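Reader: I would like to go through this structure step by step. Please begin with the charged pairs.

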Amino acid sequence: MAASGSLGLTVDLALAGLTVGSAAALSGIGLVVCHRATGVLNIAQGAQAMAVAYLLRDLVVVRHWPVWPAVAFCLLLVAPALGVLLDVLVYRPLQRRGAGPADTMVAGLGVFVLLIGAVVLLWGAAPLAGAPSPFGGAPIRLPGGHALRPDTVAQLAAILVLALAVAATTRWTRFGLHLRAVVDDRRLAGLAGVDADRVSAAGWAFGSFTAGLVGIALAPYLLLDPYGLPLLVMETMAVAVAARLRSIPVAVATGLGLGVAQAELTRLRPAGQLLPLVEAVQSNLFVIALLATALLAGPRISGERAGSPAFSAPGAADGGRGAAAVCLVLLLLPLGFRGNDLRSALLVPALALVLLSIVVVTGYGGQISLGQAGYAGMGALGTALLMSGRVPGLPPLPAAPALLLAVLATAPLGLLTGWPAIRRRGLALALVTFAVGTAMSRFVFQQPYATTGLILDRPSFLAGDRAFYVAELLLLGLGAAVVRGLHRGRLGRALTAMRDHEAGAVAAGVDVPGLKLLAFVAGAALAALGGGLMGLAGRAFDAASFDPVRGLLWFAAVVVAGADSALGAVLAAALLIGLDAGTVAGVSAVAVGVLAAAIGRLPGGLAALPGRRSAQAPPPLPPGRLTPAGRRVRATIAGRIAREEER
């Protein structure tokens, strides 16, 4: 009887896990198809899913639409239209100017934070009750007394239909031939008469459609949170990464398998101190899978061309005297503030130090890191633990030595992302760093055993807000001097060479692995210093301040302001804090999102605007003005497509 009961529980948990697993599988299908059609990993898919879920709830709950017409409106009209709009306004201009994967990823992050900001502006930041499921009715009874939800059945049916439709379209239709031609070489496909823009638009429409499907599938089971839901869907990228962004069957199997495994792990209930850790693993299995798959996938998903720079940040190293004057005014202006205005301004120098870490890692070193919020959180939490006497063998420490020790302890943790960076670049490294930052948030910052009963207060001589702000300015000046020193002399030239052409830097004798580790360790120390100051400014440790989504917003803001400029970090911090304090929630995300989505038109960022010279690219060759070699290539590809159609 006991064995029979255990088997029955196993089956019930597996059936329950299919609900989350099928949503992850749908997400994987959309990511794979969009990547195969456009060459872009849709990093904004989670935000698209969240936006569609919010719209469905508004139509059904607030405006009292019938459920099915609202679902049809969201899935068949709004979601595909959003995908086509993103293709036309954001990604197509980048493709036409030959932008690299880094610029494309930054544009995707811009879309991500833009959609989050728009949702916060429209519906607020507070979590809302989920949207109703379109599949009502009693559970479907299976042999043995087990039950399956109707919406789970619908999701599994959708997976089967979509997978078969994609396979049939790519193998047996003219559009599939054009799709394969565009994937192989977009330029040559265009010479052969293939409408690459139409193929790309169809891929984005399908990817956005599946994102909306994921949002509608998850909405009945979750509170709608403008920050939590996009992050949850983003974690399901593990499914697409495991499939190497190509195999739909592997993506489906991985998604369903992870969903079932996550449900089965709930049976583990160890006693004692292991229980919180096991529960964290149970609820964050997709985070672990994303980290593992990104580490294993390596260069296969980098998207980088041989010899191309991992991240291009031209011409903003100093930002010009105009940008320096603006930064100085922005930093000195709060000295005349009082009350809440001054308390809000305390976060500007602290956040600027965190953003300086992104300048070092990304702007100088060319390594895309999306996990700096994790190191900032470790600095704040480490300071609080040391001040609270929670570190074994150490008494409670004053604020200054606690902050210093927290920075020294966090700096070596930069190896968590620096070591994988030795063999990874571009998209692969971005996914690893994002997974590391998310793991820090989920397994450390959100665990009560690590964050309860903490003391985080300023020393008596810095208890006043104005005195503390002056101390922050001194530390920011020291940090900026160190960062600018890294960009000068022999070390600066080596970092620039590594960023611009890694293979060439190796050939020139530059110790590229050592430089990468140095950049990540220095970045972790700066982020920890800024995070500790953020905690001291608010006199409390707030896990939400170091959420992974905020880390994505910070990265996008630095790139917009000027990733290769220490002044850009100050501009970005002032922009974010000023908009949050002086306007309503969501405005800063919308502003940064719009600018990041248009990154192709802002080379070097805002810090480079004063000294930027306009440069106009030569117009493209008209369709009828091909060279003889171009006409021969077009004829060859057209003949190949015709022969495949005949077969």
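Reader: How many salt bridges does a search of the whole structure find?

Author: The model is a predicted one. Side chains of opposite charge can pair when their charged atoms come close. Searching the whole structure for salt bridges gives a count of ten.

Reader: How many residues apart in sequence are the parts that Glu235 and Arg442 tie together?

Author: The side chains of Glu235 and Arg442 form a salt bridge, with N to O at 2.7 Å. Glu235 belongs to helix α9 and Arg442 to helix α20, so the parts tied together by this pair are separated in sequence by 207 residues.

Reader: Is Glu235 buried or exposed?

Author: Glu235 sits in helix α9, which covers residues 228-235. Buried means under 20% relative accessible area. Glu235 has 2% relative accessibility, so Glu235 counts as buried.

Reader: Which residues is Glu235 in contact with, leaving aside its neighbours within four places in sequence?

Author: Both Glu235 and its salt-bridge partner Arg442 are buried. With the neighbours within four places in sequence left aside, the contacts of Glu235 are Phe286, Val287, Leu290, Thr438 and Arg442.

Reader: How many of the 20 residues of α20 are buried?

Author: Helix α20 runs over residues 426-445 and reaches 27 Å from its first C-alpha to its last, close to the 28 Å expected at 1.5 Å a residue. The helix is largely enclosed by the rest of the structure, because the number of its 20 residues that are buried is 19.

Reader: What span should helix α5 have at 1.5 Å a residue?

Author: Helix α5 takes in residues 150-172, which is 23 residues. Among its buried residues are Ile159, Leu162 and Val166.

Reader: Which helices do Arg343 and Asp465 lie in?

Author: Arg343 and Asp465 form a salt bridge whose closest N and O atoms are 3.6 Å apart. The pair ties together parts that are 122 residues apart in sequence, because Arg343 lies in helix α15 (residues 339-345) and Asp465 in helix α22.

Reader: What relative accessible area does Asp500 have?

Author: Arg499 and Asp500 meet through their side chains in a salt bridge of 3.0 Å, N to O. Arg499 is buried, with a relative accessible area of 7%. Asp500 is partly exposed, and its relative accessible area is 37%.

Reader: Which elements give two or more residues to the nonpolar patch?

Author: Leu328, Leu332, Leu335, Val470 and Leu474 make a nonpolar surface patch of about 430 Å². Two or more residues of the patch come from each of the elements α14 (320-332) and α22 (465-486).

Reader: What does Leu328 count as at 48% relative accessibility?

Author: Leu328 is in helix α14. Exposed means over 50%, buried under 20%, and partly exposed is in between. At 48%, Leu328 therefore counts as partly exposed.

Reader: How many disulfides does a search of the whole structure find?

Author: Cys74 is buried, with a relative accessible area of 0%. Cys327 also counts as buried, at 2% relative accessibility. In a search of the whole structure, the number of disulfides found is zero.

Methods:
Residues are numbered from 1 along each chain as its sequence is written. This is a predicted model: local features need pLDDT of at least 70, side-chain atom pairs count only at pLDDT 80 or more; totals for chains, interfaces and linings use all residues. Side-chain values use heavy atoms; hydrogens and water are left out. Helices (H or I, at least four residues) and strands (E, at least two) are DSSP runs, numbered from the N terminus. Buried means under 20% relative accessible area, exposed over 50%, partly exposed in between (1.4 Å probe, protein chains only). Contact means heavy atoms within 4.5 Å. Patches are made of residues with over 30% relative accessible area and no salt bridge: like charges are joined within 9 Å, nonpolar side chains (Val, Leu, Ile, Met, Phe, Trp, Tyr) within 5 Å. Accessible areas come from the Shrake-Rupley method with a 1.4 Å probe; for residues, only the protein chains shown count as cover. A salt bridge is a side-chain nitrogen of Lys or Arg within 4 Å of a carboxyl oxygen of Asp or Glu. The expected span of a helix is 1.5 Å times one less than its number of residues. A disulfide is a pair of cysteine sulfur atoms within 2.5 Å.
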